[in-house]
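Dear colleague,

Please find below the sequence and structure that I am handing over to you. My notes on what was found follow directly after.

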Amino acid sequence: MAKSRGAWVALGLLLLVPGLTACTNNPYAEADDQRKILYKSYREAPRTLDPAVAYTTSAHAITGEVYETLLEYHYLERPYVLIPGLAAEMPTRQEIDADWTLYRFALREGVLYQDDPCFALGGEGRTTREVVTADIAFELMRLADPAVNSPVAEPLSNIRGFAEFSRRLVEAREGDPGFGERPVQEQYAAVGPMEGVRTLGRYGFEVVVSSRYPQILYWFAMPFTTPVPWEAIAWYDGEAGRERFADHPVGAGPYWLALYDKHARFVLEANPNWYGVQHPEWRAPGATYPDTGEPEDYAAGRLESSVVGQPLPFIERIEFRREKESIPYFNKFLQGYYDAAGIIKESFDKVIHEGALSDDMRATGIALEKSVEPSVFYIGFNMEDDVVGAPGGDESRKLRQAMSLVVDTLEYTRLFSNGRGVPAQSLLPPGLYGYDAAYRNPFRQLDVERARRLVAEAGYPDGVDPASGEPLRLTFDTSDTSAQGQLRFKFFTRAWRQLGIDVVIEATNYNQFQEKVRNGAYQVFVWGWFADYPDPENFLFLLWSEMARSKGGGPNTANFSNPRYDALYVAMKARPNDAVRLAEIEEMRAIVEYERPWIELTHSEAYSLYHGWLTHVKPFGMSFPMTKYTDLDPGLRARRRAAWNEPILWPLYAAGALVVALLVPAVFTFLRERQ
Amino acid sequence: MLAYVIRRLVYGVGVVFGVLFFLFVLFFTVTSPDDVARKALGERVPPAVIEQWKASHGYDRPLFPGPGAWTENMLFEHYRRMLTFDFGNSDADDAPIAQRLRRGMVPSLTLTLPLFLLSLLTAIPLSLLVAFFRETYIDRLGVVVSVLAMSVSILLYIIGAQYVVGRLLHWFPISGFDSDPELIVRFLALPLLVGVLAGIGGDVRFYRTVFLEESNTDYVRTARAKGCGEGRIMARHVFRNSLIPLLTRIILAIPFLFMGSLLLESFFGIPGLGAITVDAIQGNDFSVLRTMVYIGSLLFVLGQIVTDISYGLVDPRVRIE
């Protein structure tokens with residue numbers, strides 16, 4: 001009996017000891033407290049980390065750190081400015097003829113890839129090798145390879161010979177089934193290089209691009225065009241226990257992916273081979289903290305003398321932990337276990353008061369940064385529709401103008417996004433060349449009376465269609481069937497009801513909606529666009545008739561067609577940012593203002609919270625990470641975490657006392673009865 | 001005995017076939033191969049890429065057998081893959097499913113095994129205690145608390161514990177997982193606490209009923225009449241003779257330990273098989289979902305057979321014919 005009692009006590013102790021040692025809410029090892037580790041979270045792991053394919057913010061959070069690009073963006077300057085990355089300087093530009101322009105890049109010499117076993121394919125015992133321009137040419141061929149399925153093949157097809165290379169590759173594979181089994185680098189070599197891509201030795205690189213597409217340079221600042229070593233593609237094929245290349249990036253960036261558990265955690269470690277670490281004496285623009293920025297950067301301490309000119313990166317490790325649920329994620333941020341966070345809707349009112357950080361939050365040293373994203377959300381009209389589109393002539397235009405005058409964007413953002421979002425006056429969001437903060441679109445100012453007059457002039461007095469004697473009936477077509485979506489769309493239909501117009505929401509599934517769009521069987525819809533790169537061309541092309549959805553499935557979903565707009569677009573597209581370009585943009589804006597193919601709604605706005613120990617943080621707006629410019633104070637973080645997370649143990653003792661208080665009378669009763 | 005096992009196995013095969021068929025029909029009733037492809041590739045991908053993806057994943061075939069497509073259809077391929085244990089790759093990210101199962105099983109067992117043992121070690125002694133003090137305030141309080149505990153949704157336990165224990169009291173991390181032995185205990189503490197609390201009400205009520213039923217039998221009265229101590233009666237006689245209903249409940253639960261816990265893993269960020277299943281549901285990942293459902297149904301059938309066989313081992317009076 002004594003033996004068995006001893007066993008129970010031992011078991012109790014066994015459970016108690018780990019229980020007591022576990023009594024801390026710190027999710028990280030204490031040994032890491034004093035290290036410069038940046039803690040971030042992710043919700044869903046990226047589907048792929050292949051730089052030719054990855055096209056989501058979550059993927060770019062990794063590929064943007066691991067892969068280095070020829071060009072990159074200046075961290076602080078706005079509007080966005082390109083600077084050299086792996087390129088020793090900005091490329092030279094030479095017009096070959098009216099149709100083609102040549103860009104010549106010079107790659108930095110002596111840049112190494114991260115250490116990786118795949119490089120043993122190039123020689124026994126090798127763990128890295130130098131980055132050469134043939135690796136960039138190889139990646140461009142991958143983008144053209146239909147088997148890679150790159151989502152950016154269309155814009156890159158402005159490179160001379162891009163489509164031709166793709167066709168030759170397909171023909172070779174179809175002509176010889178064994179051809180496709182050969183390693184891809186051999187396949188590419190066998191079908192020959194892309195006509196417009198030429199390597200000049202190990203470090204020179206020329207690319208010939210359609211003169212109508214000077215925006216090509218922005219693509220050289222994205223991971224799609226990064227140098228990729230052929231060894232990585234050959235080695236990481238998913239065979240013999242090796243990972244797939246889509247899960248194992250091999251690059252020359254400031255960080256390398258040390259751990260990739262899609263369901264729990266990613267770890268990026270500073271890359272000791274990165275050119276900024278290997279060659280700080282170069283003081284390369286992409287490896288040195290900048291000394292210029294916007295005026296507010298000085299006020300925000302982002303251009304302090306202690307940091308300007310310092311070699312990058314400051315952070316030694318970036319850890320991503322998976323957080324599927326928003327509330328635990330935000331609570332961990334408040335406890336200091338994440339360094340930065342967005343604001344979840346459940347806590348918005350607690351965190352933000354009248355557009356600024358609440359006093360409680362400020363007291364903890366948390367800072368709020370707002371940034372407008374290069375995006376636009378809008379209500380569109382199908383311009384090929386007889387009632388709301390161009391076939392309806394002047395009357396339809398007046399109808400669109402009237403409908404534009406009654407949609408209250410401020411109220412819309414207040415109701416549906418906690419006031420986040422800049423009311424849009426035109427296609428162009430802030431931060432882009434051509435954006436005019438002072439511009440007020442006369443058809444985007446709330447004016448119900450003027451709208452009623454316009455509806456009457458359009459032939460629908462009080463919104464009544466004279467043909468039927470009933471209120472004019474339009475359809476609002478959407479693939480969003482959610483309850484939240486219905487509420488949002490009802491906001492619009494209620495606004496138009498003020499004019500007597502009956503707009504019916506027709507929510508269908510995605511396939512049915514696509515079918516409607518293909519057949520032109522839609523009238524009013526809501527849509528949005530996030531820019532691939534910060535050039536006005538990437539927004540203004542949304543109304544270029546060549547991009548009409550009805551023509552070839554392009555992103556001009558309104559099917560807007562205006563010869564003057566088209567001519568201006570083509571002229572503007574190929575120009576540098578000068579006064580002529582600005583005038584062209586303003587004329588295009590005036591056409592859209594008058595024709596009203598869209599009712600501009602908002603440019604989305606991100607609110608980000610940062611703890612006080614993070615320094616020189618500036619929201620970038622686009623999906624590419626800028627972690628190498630950020631620094632943190634691990635000592636301050638450890639002290640604040642300790643102060644904020646002291647375990648409160650009295651409820652444990654109280655619960656124990658309650659159990660004893662409940663049991664003691666029962667035991668006494670039992671003993672008394674037994675006697 | 002052998003004939004019985006074979007008969008049960010045959011029934012089991014029928015059950016598994018039926019489960020697979022219903023899964024296939026239900027999945028493709030609410031979604032389409034296009035949706036699966038779009039979920040995997042994103043909304044901005046051109047239609048040609050969608051078609052290519054469908055062809056490479058076998059989603060371009062007809063759903064059901066028909067003239068000219070008796071084997072070249074998705075239903076046939078669905079059965080072929082499952083019956084040959086060729087799980088293939090995930091629709092969401094093309095990762096091999098077998099590898100994902102192997103990786104996910106460890107975190108799942110790290111949670112479910114201790115949870116299972118702790119639940120038993122807590123619920124059985126508590127039930128014995130409540131039965132021991134039957135018809136006293138301890139018994140009545142135990143029943144009331146058990147019913148209350150059963151009535152509360154596990155989601156409330158999870159959210160409440162994360163807020164109170166993790167956020168306010170700072171005892172344990174709110175969520176997360178790390179295989180580092182130094183950290184794993186603190187990560188598991190809260191899900192284990194929630195798991196035990198959420199299950200204890202039902203367990204205590206069930207075990208208490210079993211123990212009380214047994215303690216009212218003639219042989220227990222005889223033992224009492226002979227002067228046997230109440231503690232000895234509960235531990236030696238009542239507990240041992242209650243093993244059959246206990247085993248039914250316990251053994252049936254064991255196979256599912258491998259499948260993890262859907263809600264606990266999902267909410268506490270434990271990368272086990274339960275979380276993988278939830279991800280597959282949310283991501284329209286048919287390949288992973290059917291694998292998990294298939295394994296779940298196999299384990300269920302296996303659990304039933306093992307339970308029946310164990311009766312004979314525990315109680316020699318039970319004969320399986």
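Chain B as a whole has a mean pLDDT of 87, and 97% of its residues reach 70 or more. For the complex, the predictor gives an ipTM of 0.84 and a pTM of 0.86.

This is a predicted model, in which local features need pLDDT of at least 70 and side-chain atom pairs count only at pLDDT 80 or more, while totals for chains, interfaces and linings use all residues. Residues are numbered from 1 along each chain as its sequence is written, and chains are lettered from A and ligands numbered from 1 in the order in which they are written.

Chain A has 24 helices and 25 strands. Its C-alpha atoms fill a box of roughly 100 × 70 × 60 Å along the principal axes. Of the 675 residues in chain A, 40% are buried; a residue is buried if 20 or more other C-beta atoms lie within 10 Å of its own, exposed if 12 or fewer, and partly exposed in between, with C-beta atoms placed from the backbone.

Strand 8 and strand 9 (residues 265–270) of chain A are antiparallel to each other and share 6 bridges. A:Tyr260 has A:Phe266, in strand 9 of chain A, as its bridge partner.

The largest nonpolar core has 155 residues, and A:Ile159, A:Ala402 and A:Leu540 have the most contacts inside it. Such a core is a set of buried Ala, Val, Leu, Ile, Met, Phe, Trp, Tyr and Cys residues joined through C-beta atoms within 7 Å. Helix 3 (residues 133–144) of chain A supplies the largest share, 6 residues. Beyond its neighbours within four places in sequence, A:Ile159 is in contact (C-beta atoms, placed from the backbone, within 7 Å) with residues including A:Leu140, A:Met194 and A:Val208. Another core, of 44 residues, lies apart from the largest one and has B:Ala92, B:Leu115, B:Tyr157 and B:Ala275 among its members.

Where the two chains meet, 39 residues of chain B and 36 residues of chain A take part in the contact. Helix 8 of chain B gives the most to the side of chain B that touches chain A, namely 5 residues. That side has 19 nonpolar, 11 polar and 9 charged residues; Ala, Val, Leu, Ile, Met, Phe, Trp, Tyr, Cys and Pro count as nonpolar, Asp, Glu, Lys and Arg as charged, and the others, Gly among them, as polar.

Finally, B:Val5 lies in helix 1 (residues 2–30) of chain B. B:Val5 is partly exposed because 13 other C-beta atoms lie within 10 Å.

Yours sincerely

Notes
Helices (H or I, at least four residues) and strands (E, at least two) are DSSP runs, numbered from the N terminus. pLDDT is the predictor's confidence in each residue, from 0 to 100. Two strands pair if DSSP finds at least two bridges between them.
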